[in-house]
Structures are given as C-alpha cells and as structure tokens.
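Please keep the sequence and the model in view while going through the points.

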Amino acid sequence: MSTHFHLICCLFLLVGAGERLSAEGAGEFTDKVQTLQAVAEEFRARLEIPGQIEVRIVDQDKRLVSVRRSMERHGLFVLSFDQSFLTALSAEEQRAAIAHELGHVWIFTHHPFLQTEALANRKALQLVSEETLEKVYQKVVHFGGKKQELPRAQTVTPVAGLAGAAGGQ
Ligand SMILES: [Zn+2]
C-alpha cells in the first residue's frame, strides 16, 4: 500500500569542492550542527560504525543530503545537508535523513560491495520509523529529487535482489 521512494543522495562521489558554511547566522548554524551531530553520533553508536562522522550544513548540495569519505582524514565521513532542504525538514525528518546516510556509511564499513539505496533504507529503518522516512522522501520529491518505487524494506533480498534495485545515479 505505502510507496517507497529513494532519497536523493549519491554517495562517495568525492566531489567536495565548493562546500562552505554560510557566514550569516553562524551562531544559529553552530547550534543546528551540534544537534545534528549528536543524532549522527547516537546512530553511529547504535549501528556500530567504526570511524567518525562530521555533519556539515552547506549553502547548496545538489543531492540535498549526502555523505562521503573525507579526503583529508582517514576514517572520517562527512555528512552534508543542503541548507534549504534542512530547513524544510522537521526534527524527526532530519533524524530520518541522517539515518539513511548512516545506513550508507554502515554498508561502506561493513559490506562495501552491497552499496545500494535499498540497503541504506533498510539500515535506516532500524533507527527511525518508515512513516518518517517516507515524509523525507516526499520532501525530496518536492525539492526536485528523483522518485523511485522500492520494494518494501522488509522484503528486500540481501544480495541478488539489490543490484536490480540500485539506482544511486
Ligand atoms: Zn542514499
């Protein structure tokens, strides 16, 4: 009955150029980043992800929310939020978006060859509700992101079925 969408986020593209924090409202940003960082830390611990996560809010991220490996520091993953998109999300939805991205990091650190949107969502659903995740996807679509049907997370086949569901580009 319910529809599943891909969260728009292409992972590990290593295109970090041009990322910068907005100078305006820096104090507010700091608070916001700290809140998001705390969520990321919580989820990182719950998923038993080795390494570190650093949350950043950027002026613009075409993928809206994304995660990549740091080029500068080994073992560090940078989770980036597009500022406008972040503002459009409720606190719960922000948690869901982080959960999805941490799902990608979990895959990378545990099963790098299984990197797909479907599996990232499956990990995310260990942390947040399906309902909230779907709300995030609806906003992704609203922001011009790609909408794709997914099989129900619970029925995703671990290996064989995932290749067909991959659609990160
Ligand atoms: Zn994703």
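**Note on the core, the sheet and the helices**

1. The largest nonpolar core of this predicted model contains 35 residues. Those with the most contacts inside this core are Ala40, Leu79, Ile98, Leu102 and Val105. The elements that give two or more residues to the core are α1 (26-46), β1, β2, β3, α3, α4 and α5 (130-142). Helix α3 provides the largest share, with nine residues.

2. Which residues does Ala40 touch, leaving aside its neighbours within four places in sequence? The contacts of Ala40 are Ile53, Val55, Leu79, Ile98 and Leu102.

3. The model has an open sheet of three strands, arranged in the order β1-β3-β2 and with mixed pairing. Strands β1 (52-58) and β2 are the edge strands, each pairing on one side only. On average, and with direction ignored, neighbouring strands of the sheet are turned by 20° against each other.

4. Strands β2 and β3 (residues 76-82) pair in the antiparallel sense, over five bridges. Here Val65 has Phe81 of β3 as its bridge partner.

5. The hairpin of β2 and β3 has six residues between the strands. In this hairpin, Gly75 takes a positive phi near 85°.

6. Is strand β2 largely enclosed or largely open? Strand β2 (residues 65-69) is largely enclosed by the rest of the structure, because four of its five residues are buried. A residue counts as buried when 20 or more other C-beta atoms lie within 10 Å of its own.

7. Helix α3 (residues 91-110) packs on the sheet and touches β1, β2 and β3. The direction of α3 makes about 30° with that of β2.

8. Helix α3 also meets helix α4 (residues 117-124): their axes come within 7 Å and cross at roughly 115°. The crossing of α3 and α4 is right-handed. On the side of α3, the contact is made by Ala96, Ala99, His100, Gly103, His104, Trp106 and Ile107; on the side of α4, by Leu119, Ala120, Asn121, Lys123 and Ala124. Sorted by class, this contact has seven nonpolar, four polar and one charged residues.

9. Two residues deserve attention for their backbone angles. Most residues other than glycine have a negative phi. Glu48, however, has a positive phi of about 55° although it is not a glycine, and Leu64, also a residue other than glycine, has a positive phi near 70°.

10. Where do these two residues lie, and are they buried or exposed? Glu48 is located in the loop between α1 and β1, whereas Leu64 belongs to the loop between β1 and β2. Glu48 has 9 other C-beta atoms within 10 Å and is therefore exposed, since the limit for exposed residues is 12 or fewer. Leu64 has 24 C-beta neighbours inside 10 Å, so it counts as buried.

Key
Residues numbered from 1 in each chain as written. Predicted model: local features only at pLDDT ≥ 70, side-chain atom pairs only at ≥ 80, totals over all residues. Pairing = 2+ DSSP bridges. Axes fitted to C-alpha atoms, helices over the stretch in contact; angles between N-to-C directions. Contact = placed C-beta atoms within 7 Å. Left-handed = near helix turned anticlockwise from the far one by under 90°. Nonpolar A, V, L, I, M, F, W, Y, C, P; charged D, E, K, R; others polar. Core = buried A, V, L, I, M, F, W, Y, C linked by C-beta atoms within 7 Å.
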